Amino acid sequence: MLVVLAALAFPTVILAQGPGRGGPLGRGMGRGVGHDASMAVDRAGFHFLLRNNGSIERSVTELPNGVRTRTTSQDAEVAAQIRAHVAAMYGRMKEGRPVRRWDPLFAALFEKSDQVALAITEVPGGVEVVETSTEPEAIALIQAHAKVVSGFVERGFAEARLAHPVPGAIPAKSAKQHPTTTDQSLQRLRQLSAEFDRVYIPALALTNQGRRSPSLEALRRLNERLVAMRRQARDTKSDDQELLFKGTADVVAEAARLAQSGDFLEAHETLEPLRDQLASRRRSLGVDYRLDVLSDYHAVMEAIVKPANGADPNLLDAAALDRLRQQAASAAAIWARVEQTKFDTSYAPLSDAQKQNVEPLVQANREAISRLNRALREGDATEVLGAAVAIKPPFAKLYMSFGDFSGLAENASSTPATQKNYPPISTEEE
């Protein structure tokens, strides 16, 4: 894969035509529709860099009209991937094939692609990029984007899961401006959150599995629930409900568009950040929602699992082991909170069999964390990586217990991917 990507690398300098010239960056976000065949390859390259962020060096110099960045590595494989990744992202900007559509900053930058000029120079170990514009809004986006990429280098997957604000955007109204103080209001937001998760969790899980019919049906149900919730918020003039779910319908519509074009993993990754965003908003509103502790654990778990999945045990050095020990300690601490949390039936219409499975799944995840800690104490790299990956399945089963998969599991096992089509999902009410 690295060889294939390296073949895309640019000559010593590539100059993109700037604003107002009708140049190669003039397509902007949203013009590249349909199936994006290179998405899986580009995602794999990005995840490779996130897993190896500790061997990447990066500097950023802000210019009056943009930034100059230098990103390098002393590891030849990582250096090649840096060059390949920059070349791939240059192509996406040029051709209007955006990534991270769910991230406001990245979406806005692709929208302004026709106002951006790029100069990319190959340097020892990586690349130097000068990114400029004559438009103040585009300059602000360029500089904010450079800081986020530095965050990817510093924090890896932990940063990649976050959505990033557009500079200068008007922030959402704070909880102080929209106090959620009554017990009735808090209970209503808890109930709405549970109703949302019952349809959100299947959409999240099924898009990850890549099955067309059940994924689209789950997304249709999710959109239908959001339409009903928006109508309710409008009729009841519920500002706190509007604040909690602000922008969610747009994310779901984008995920549905991606799934309809066959980009199921990108649809999954578009939906994924909603989990943490809604948890953060609930806390700002003072809503005690029990499933948010699972979201807390998920963030730490993914920071452990993703770098470990497919990693070479021979490359697991002392620094990587130390990071894993710290992450495993955080995972154990959060899971202790999970064990102390009572997940009552107000969070999901659980069957008797599902209720009986909750405690065994909680225990299974505790045992998986214990196995990881034992492996870290003993220091066998192969066992450490195997134990790291193994903490995910019991958690995933527990989390999925709170979703309503009725009528979807049958489709997943029996409906061919090409048998059924769904109309585009819109964020507008009919």
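Which residues is Leu294 in contact with, leaving aside its neighbours within four places in sequence? I looked this up first, taking contact as heavy atoms within 4.5 Å. My list for Leu294 reads Trp335, Val338, Phe343, Phe395, Leu398, Tyr399 and Phe402.

**Ground rules.** I am working on a predicted model, where local features need pLDDT of at least 70, side-chain atom pairs count only at pLDDT 80 or more, and totals for chains, interfaces and linings use all residues. I number residues from 1 along each chain as its sequence is written, and side-chain values use heavy atoms, with hydrogens and water left out.

**Cores.** I then looked at the nonpolar cores, each a set of buried Ala, Val, Leu, Ile, Met, Phe, Trp, Tyr and Cys residues joined through side-chain atoms within 4.5 Å. Buried here means under 20% relative accessible area, with exposed over 50% and partly exposed in between (1.4 Å probe, protein chains only). The largest core has 78 residues, and Leu271 and Leu294 touch the most other members. Helix H7 gives this core its largest share, 12 residues. Another core, of 35 residues, lies apart from it and has Val99, Val116, Ile142 and Ala160 among its members. A friendly reminder to myself: in soluble globular proteins, nonpolar side chains tend to be buried together.

**Helix H17.** Helices (H or I, at least four residues) and strands (E, at least two) are DSSP runs, numbered from the N terminus. In H17, residues 392-400, I found Pro394, Phe395, Leu398 and Tyr399 buried. Seen down the axis of H17, its buried residues fall within an arc of 130°, so they line one face of the helix; the arc is that of the directions from the helix axis to the C-beta atoms. Their cover includes helices H7 (183-209), H12 (273-285), H13 (292-308), H14 (318-339) and H15 (352-378).

**His47.** Is His47 buried or exposed? I find it buried, with a relative accessible area of 16%. His47 sits in helix H2, residues 39-51. Leaving aside its neighbours within four places in sequence, His47 is in contact with Phe157 and Glu269.

**Strand S3.** Two strands pair if DSSP finds at least two bridges between them. S2 (residues 57-63) runs antiparallel to S3, with 7 bridges joining them, and a hairpin links S2 to S3 through 2 residues. I noted Leu63 with Gly66 in S3 as its bridge partner. S3 is also joined to S5 (residues 126-132) by 7 bridges, again antiparallel, and Arg68 stands opposite Val130 in S5.
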